[in-house]
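Hi,

Here is the structure I said I would pass on.

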Amino acid sequence: MSFSWTPHRFVGGALALDVANSVILRHDAAARRDRFAVVEQLQAFPEAAVRLSAERQDFPDLRAVSEARRGDFLRLREAIDDYFRGRVLGEENRLALAQLLEQIATTLRAAEDERSLDQATARSALRLICEPDPDRLKICGNCGWLFLDRSKNRSRTWCDMAVCGNRVKASRHYKRKKTETVP
Ligand SMILES: [Zn+2]
């Protein structure tokens with residue numbers, strides 16, 4: 001099946017969250033899919049992020065992560081998801097934060113091209129840790145993606161209304177219809 005990095009895959013509102021969301025249906029072990037497990041998809045991500053990420057003004061030129069840095073980059077991604085997901089769920093814990101800060105430090109210390117995806121992701125995660133309005137950080141009620149709600153009144157429930165919002169609405173409608181027809 002062909003795959004492409006569509007705008008929907010960059011609804012996180014921050015590069016660090018778009019990176020975390022490269023794992024689809026993380027909470028469902030059977031359906032879970034890691035988009036970065038396919039090297040071509042991982043390598044195509046920076047070019048799409050430059051066009052589609054909400055933070056694209058911070059990295060007009062983004063390079064792929066070198067093979068040597070790939071393992072650390074994926075550990076950074078997992079630490080991002082772990083810490084921010086816990087924070088939304090009210091389970092903030094010092095160990096997850098310490099782990100994330102360690103991964104950020106490891107990335108920043110690496111003598112890598114400053115324009116590489118892992119460097120930009122580390123800086124994005126740092127900004128997010130210091131986000132002045134932590135209530136803006138949310139988990140999509142349908143797909144479980146993390147996103148930063150940048151809307152004025154913080155009213156977003158879904159990562160993407162056009163995808164997850166409609167899917168949930170459609171299934172509610174279907175269920176309602178079903179119950180209505182039951183005698
Ligand atoms: Zn969603």
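Below is what I found in it, sorted by region.

One thing before the details: this is a predicted model.

**Helices α4 and α5**

Let's start with this pair. The axes of α4 (residues 94-109) and α5 come within 9 Å, with a crossing angle of roughly 145°. The crossing is left-handed. On the α4 side the contacts involve Leu 97, Leu 100, Leu 101, Ile 104, Thr 107 and Leu 108, and they meet Asp 118, Gln 119, Ala 122, Arg 123, Ala 125, Leu 126 and Ile 129 of α5.

Leu 126 is worth a click. It sits in α5, which spans residues 117-129, and with 33% relative accessibility it counts as partly exposed. Together with Leu 101 and Leu 108, Leu 126 makes up a nonpolar patch on the surface, and the three share about 220 Å² of accessible area.

Leaving out residues up to four places away in sequence, Thr 121 touches Leu 15, Ala 16, Val 19, Phe 73, Leu 76 and Ile 80.

**Salt bridges**

Side chains of opposite charge can pair when their charged atoms come close. How many salt bridges are there in this model? The count comes to 19, and a few of them deserve a comment.

Asp 118 and Arg 69 are joined by a salt bridge between their side chains, at 3.2 Å from N to O. This pair links distant parts of the chain, 49 residues apart: Asp 118 belongs to helix α5, and Arg 69 to the loop between α2 and α3 (70-88). Are the two partners buried or exposed? Asp 118 has 0% relative accessibility, so it counts as buried. Arg 69 has 9%, so it counts as buried too.

Glu 47 is partly exposed at 47% relative accessibility, and Arg 51 is partly exposed at 46%.

Then there is Arg 77 with Glu 78, where the closest N and O atoms of the salt bridge are 2.9 Å apart. Arg 77 is buried, at 4% relative accessible area, whereas Glu 78 is partly exposed at 29%. Both belong to a network of salt bridges that links Arg 26, Asp 34, Arg 77, Glu 78, Asp 81 and Arg 85.

**Backbone**

Finally, a couple of backbone angles to check. Most residues other than glycine have a negative phi. Leu 25 has a positive phi, near 50°. You'll find Leu 25 in the loop between β1 (23-24) and β2 (33-34), partly exposed at 27% relative accessibility.

Arg 154 also has a positive phi, near 50°. Its place is the loop between β4 (146-148) and α6 (161-181), and with a relative accessible area of 36% Arg 154 is partly exposed.

That's everything on my list.

Cheers

Key
Residues numbered from 1 in each chain as written. Predicted model: local features only at pLDDT ≥ 70, side-chain atom pairs only at ≥ 80, totals over all residues. Heavy atoms only, no water. Patch = residues over 30% accessible without salt bridge, like charges linked within 9 Å, V, L, I, M, F, W, Y side chains within 5 Å. Areas by Shrake-Rupley, 256 points an atom, 1.4 Å probe, with all protein chains shown as cover. Salt bridge = Lys/Arg side-chain N within 4 Å of Asp/Glu carboxyl O. Helix = DSSP H or I, 4+ residues; strand = E, 2+ residues; numbered from the N terminus. Buried < 20%, exposed > 50% of the residue type's maximum accessible area, 1.4 Å probe, protein only. Axes fitted to C-alpha atoms, helices over the stretch in contact; angles between N-to-C directions. Left-handed = near helix turned anticlockwise from the far one by under 90°. Contact = heavy atoms within 4.5 Å.
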